[in-house]
Amino acid sequence: MIDDQYKMGLMAVEGYLELGMTQDAMRDFLNLPREAKFSIEGLTLLMEIHRAEEEWPEMESVAERLWQAEPENVAHWIDWALALRLCNSINSARILLIEALERFPEEGLVHYHLACCECQLGNLPSAREHLMESKKRCRICRVLALTDEGELQPIWTDYAAPQFQS
């Protein structure tokens, strides 16, 4: 937990981030004391700044630090895997998500992100299985699947292909 004196600075960074003012958020973040920057709250804000700026290698680095600090938080596993996938380390993301699935078998978002990895690796039967499981466990995953911007494209293409029976 962070001292009250740093909360205002963290809240300012968060406010800029919510307004989409990522450069201002980063400026205020950089002006925070070291203790605030390296707190869970500070690192989370830094990761969100990198996500908003689509700075995937930087996001990956911060997400890994958060994962190391709080391995019991499934969100850190998902964020790290997402950043790895966006850095084109899809197999590394897949391996991480398989490990996350062992620890958090009921978490729909782990299944969803694993479906995305499997899809990108061409493992369509596994991708379909994880996508179906994600939709059973998490309503948000249904929306994610419907609004997907290409991660799951191989599944949709496969469904659209004519199915011939011999």
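View 1. Glu 54 is exposed, with a relative accessible area of 57% (exposed means over 50% relative accessible area, buried under 20% and partly exposed in between, with a 1.4 Å probe and protein chains only). The model shown is predicted, so that local features need pLDDT of at least 70 and side-chain atom pairs count only at pLDDT 80 or more, whereas totals for chains, interfaces and linings use all residues. Residues are numbered from 1 along each chain as its sequence is written, and side-chain values use heavy atoms, with hydrogens and water left out. Glu 54 lies in the loop between helix H4 (40-52) and helix H5 (56-69), and its phi is near 55 degrees, a positive value in a residue other than glycine. Helices are DSSP runs of H or I with at least four residues, numbered from the N terminus.

**View 2. The packing of H4 against H5.** The axes of H4 and H5 come within 8 Å and cross at roughly 155 degrees, the axes being lines fitted to C-alpha atoms over the stretch in contact and the angles running from 0 to 180 degrees between N-to-C directions. H4 and H5 are therefore roughly antiparallel to each other (angles over 145 degrees). Residues of H4, including Leu 43, Met 47 and His 50, meet residues of H5, among them Met 59, Val 62 and Leu 66 (contact means heavy atoms within 4.5 Å). The residues of this contact divide into ten nonpolar, two polar and three charged, where Ala, Val, Leu, Ile, Met, Phe, Trp, Tyr, Cys and Pro count as nonpolar, Asp, Glu, Lys and Arg as charged, and the others, Gly among them, as polar.

**View 3. The buried residues of H5.** Met 59, Glu 60, Val 62, Ala 63, Leu 66 and Trp 67 are the buried residues of H5, and what covers them includes H4, H6 and H7.

**View 4. Asn 88 in the loop between helices H6 and H7.** Asn 88 is found in the loop between helix H6 (74-86) and helix H7 (90-103), where it has a positive phi of about 65 degrees although it is not a glycine. Asn 88 is exposed, with a relative accessible area of 68%.

**View 5. The packing of H8 against H9.** Helix H8 (residues 108-120) and helix H9 (residues 124-137) pack at an angle of about 160 degrees, with their axes 7 Å apart, and H8 and H9 are therefore roughly antiparallel to each other. By class, their contact has seven nonpolar, five polar and three charged residues.

Key. Helices (H or I, at least four residues) and strands (E, at least two) are DSSP runs, numbered from the N terminus. Angles under 35 degrees count as roughly parallel, over 145 as roughly antiparallel, 65 to 115 as roughly perpendicular and the rest as oblique.
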